[in-house]
Amino acid sequence: MNKDTLEGQWKQLTGKAKAAWGDLTDDELTQINGNREQLAGLIQERYGRTREEAEREVKDFFDANR
């Protein structure tokens, strides 16, 4: 999924992201605006995941929600 498509669909995906990572706030998800790196960073910080684990979770999330 390219960056423009992802950002366009991000508002629709925020509900699913909130379900997947409930500790992230609506404001944080809005600020991320589909940016994979920022999302992985927040997941890493909030859930104590390694960078690789967080990036894999984000990749799997976006792959599942194409």
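Of the 66 residues in the protein chain, buried residues make up 29%, where buried denotes a relative accessible area under 20%, exposed one over 50%, and partly exposed the range in between, with a 1.4 Å probe and protein chains only. The model is a predicted one, in which local features need pLDDT of at least 70 and side-chain atom pairs count only at pLDDT 80 or more, whereas totals for chains, interfaces and linings use all residues. Residues are numbered from 1 along each chain as its sequence is written, and side-chain values use heavy atoms, with hydrogens and water left out.

The protein chain contains four helices and zero strands, and its pattern along the sequence is α-α-α-α; helices (H or I, at least four residues) and strands (E, at least two) are DSSP runs numbered from the N terminus. Among contacts in the protein chain with a separation of 6 or more, 37% are accounted for by residues 24 or more positions apart, a contact being defined by heavy atoms within 4.5 Å.

Helix α3 covers residues 36–47. Its 12 residues should span 16 Å at 1.5 Å a residue, and its end C-alpha atoms are 16 Å apart, which agrees; the expected span is 1.5 Å times one less than the number of residues. The buried residues of α3 are Leu 39, Ala 40, Leu 42 and Ile 43. Seen down the helix axis, these residues fall within an arc of 160 degrees, so they line one face of α3, the arc being that of the directions from the helix axis to the C-beta atoms. On the other side of α3, Glu 37 and Glu 45 are exposed. The N-terminal end of α3 is capped by Asn 35, a side-chain oxygen of which lies 2.9 Å from the backbone nitrogen of Glu 37, while Gly 48, just after the helix, takes a positive phi of about 70 degrees.

The structure holds three aromatic pairs, in which rings of Phe, Tyr and Trp (its six-membered ring) have their centres within 6.5 Å, with planes under 30 degrees apart counted as stacked, over 60 as edge-to-face and the rest as tilted. Trp 10 and Phe 62 form a tilted pair, 5.9 Å centre to centre and with 45 degrees between the planes. Trp 10 is buried at a relative accessible area of 2%, and Phe 62 is buried at 1%. The rings of Trp 21 and Phe 61 have their centres 5.0 Å apart and their planes at 55 degrees, so this pair is also tilted. Because Trp 21 lies in the loop between α1 and α2 and Phe 61 in helix α4, the pair ties together parts that are 40 residues apart in sequence. Both Trp 21 and Phe 61 are buried, and Trp 10, Trp 21, Phe 61 and Phe 62 form one aromatic cluster.

The largest nonpolar core has 15 residues, of which Trp 10, Trp 21, Leu 24, Leu 29, Leu 39, Ile 43 and Phe 62 touch the most other members; such a core is a set of buried Ala, Val, Leu, Ile, Met, Phe, Trp, Tyr and Cys residues joined through side-chain atoms within 4.5 Å. Each of α1, α2, α3 and α4 supplies at least two residues of this core. Leu 39 is buried at 0% relative accessibility and, leaving aside neighbours within four places in sequence, is in contact with Trp 10, Trp 21, Leu 24, Leu 29, Ile 32, Val 58 and Phe 62.

Glu 28, in helix α2 (residues 26–32), is buried with a relative accessible area of 15%. Its side chain makes a polar contact with the side chain of Arg 46 at 2.6 Å, a polar contact being a pair of N or O atoms within 3.5 Å of which, within protein, one must be able to donate a hydrogen and the other to accept it, and residues adjacent in sequence count only if both atoms are side-chain atoms.
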